[in-house]
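Keep the coordinates open while you read.

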Amino acid sequence: MTSTARVAVFLPSLFGGGAERVMLNLARGIARRGIAADLVLARTTGPYVDQVPAEVRVLDLEAASVSASLPALTRYLRRERPDALLSTLNTANVVAVLAKHFARASTRAVVRQANMLEPPARVDRPLTRWLIMRLVRWAYPHADGVIAVSEGVARDVAVATRVARERLHVVPNPVVDAELLEMAKAPPEHPWFADGDAPIILGVGRLTAQKDFATLLRAFAEVRRRRDARLVVFGEGPERAALETLTHELGIEQVVSLPGFIQNPFSAMARARLFVLSSAWEGLPGVLIQALACGAQVIAADCESGPREILADGRFGRLVPVGNPSTMADAILTALGEAPRPASPEAWSRFTEDAAVDAYLRVLRVARPAIGKAEC
């Protein structure tokens with residue numbers, strides 16, 4: 001039975017990042033509860049477009065950028081009056097709060113913060129970042145609720161924006177579902193997984209400064225001086241040229257592959273000898289949870305925030321210092337010398353789609369429809 005309730009999920013696009021996958025999973029999970037779900041996009045583009053399920057309605061605002069989508073989003077809220085609007089990514093969150101204000105809608109606007117607002121590393125375009133942060137500090141206290149994906153992100157948001165604690169909710173991401181576990185059974189696309197010549201170390205994420213794949217490359221170069229191994233990193237981004245140059249400088253270009261973004265990294269997670277997260281900072285790294293669910297042995301940089309929470313202080317995987325290639329190399333070599341020990345489902349059961357959708361609906365204050373006696 002479908003209720004009269006409607007939830008709108010607002011995103012800039014469906015490019016292949018973790019935030020986009022999470023929101024797509026949420027929209028699908030909400031629709032499966034019998035609640036009307038709209039996926040409202042500033043522009044309908046990106047590799048995840050083909051993965052939108054039929055039960056989710058897609059609305060293309062046809063805007064040149066997420067900030068330019070404000071008028072169209074305002075008109076949508078006036079016309080459709082959804083019960084709740086959920087957004088993610090900083091600029092989209094600001095636009096969502098402004099759109100509700102201009103639409104004078106009763107819609108409950110909830111913004112999701114997936115990353116540290118004040119990352120512990122230098123970022124580019126300081127003037128742009130300063131402006132976005134000023135807008136975020138205004139917008140978040142005006143939202144009806146703020147969802148942080150981890151305790152570390154919640155602490156960061158509370159300090160940076162002074163959001164009242166009763167409006168700040170910690171809700172883990174819905175990153176594990178039946179589809180992911182099924183995709184993990186498929187043969188990996190990369191040919192190195194088929195030949196079995198050497199253990200494969202895997203990294204997954206956008207090629208950006210945040211993910212710090214440079215540290216992983218340097219650590220891998222140290223590993224190669226002591227034993228045979230290969231490294232595959234799935235993802236695309238602005239750091240590609242610098243990372244490719246670094247592989248040549250380190251002399252490891254023949255044993256490192258950067259094949260770009262792929263739709264199914266999970267089959268590789270299930271067959272890699274090790275999964276390594278090298279990030280300088282995070283919110284709640286979904287790829288680390290997905291790797292655990294696929295049965296991978298994991299090593300993670302102990303960055304702010306997320307890895308320590310996910311790995312239960314090292315119970316489910318090794319934690320190493322941020323930006324330290326030598327320590328990471330030692331951890332990789334130690335792990336390669338041990339028998340693989342996949343984590344128990346306890347490591348990732350908190351992050352299933354069902355658990356997350358229930359929690360999100362509580363924050364959005366949208367109830368799943370009751371089923372009448374005649375339909376039981």
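Two strands pair if DSSP finds at least two bridges between them. Helices (H or I, at least four residues) and strands (E, at least two) are DSSP runs, numbered from the N terminus. The model is predicted: local features need pLDDT of at least 70, side-chain atom pairs count only at pLDDT 80 or more, and totals for chains, interfaces and linings use all residues. Residues are numbered from 1 along each chain as its sequence is written, and side-chain values use heavy atoms, with hydrogens and water left out.

Start at strand β4, residues 84-88. Strand β1 (residues 6-11) pairs with β4 in the parallel sense, over four bridges. Phe-10 has Ser-87 of β4 as its bridge partner. Strand β5 (residues 108-113) also runs parallel to β4, joined by five bridges. There, Ser-87 stands opposite Val-111.

How many residues of β4 are buried? Five of the five are, so the strand is largely enclosed by the rest of the structure. Buried means under 20% relative accessible area, exposed over 50%, and partly exposed in between (1.4 Å probe, protein chains only). In a regular strand the side chains alternate between the two faces of the sheet. In β4 both faces are covered: Ala-84, Leu-86 and Thr-88 are buried on one side, Leu-85 and Ser-87 on the other.

Now move to an open sheet. Six strands form it, in the order β10-β9-β8-β11-β12-β13, with parallel pairing. β10 (256-260) and β13 (318-320) stand at the edges with a single partner strand each, so one side of each has no neighbour in the sheet. The twist averages 20° from one strand to the next. Axes here are lines fitted to C-alpha atoms, for helices over the stretch in contact; angles run from 0 to 180 degrees between N-to-C directions.

Within this sheet, two bridges join β8 (residues 200-204) to β11 (residues 274-277). Ile-201 has Leu-274 as its bridge partner in β11. Helix α8 (residues 213-224) packs on the sheet, touching β8, β9 (230-234), β10 and β11. Its direction makes about 170° with that of β9. Helix α11 (residues 286-293) packs there too, touching β8, β11 and β12 (298-301), at about 165° to β11. Contact means heavy atoms within 4.5 Å.

Finish at a loop. Pro-238 lies between β9 and α9 (240-250). At a relative accessible area of 64%, Pro-238 is exposed. Leaving aside neighbours within four places in sequence, Pro-238 is in contact with Arg-206, Leu-207 and Thr-208.
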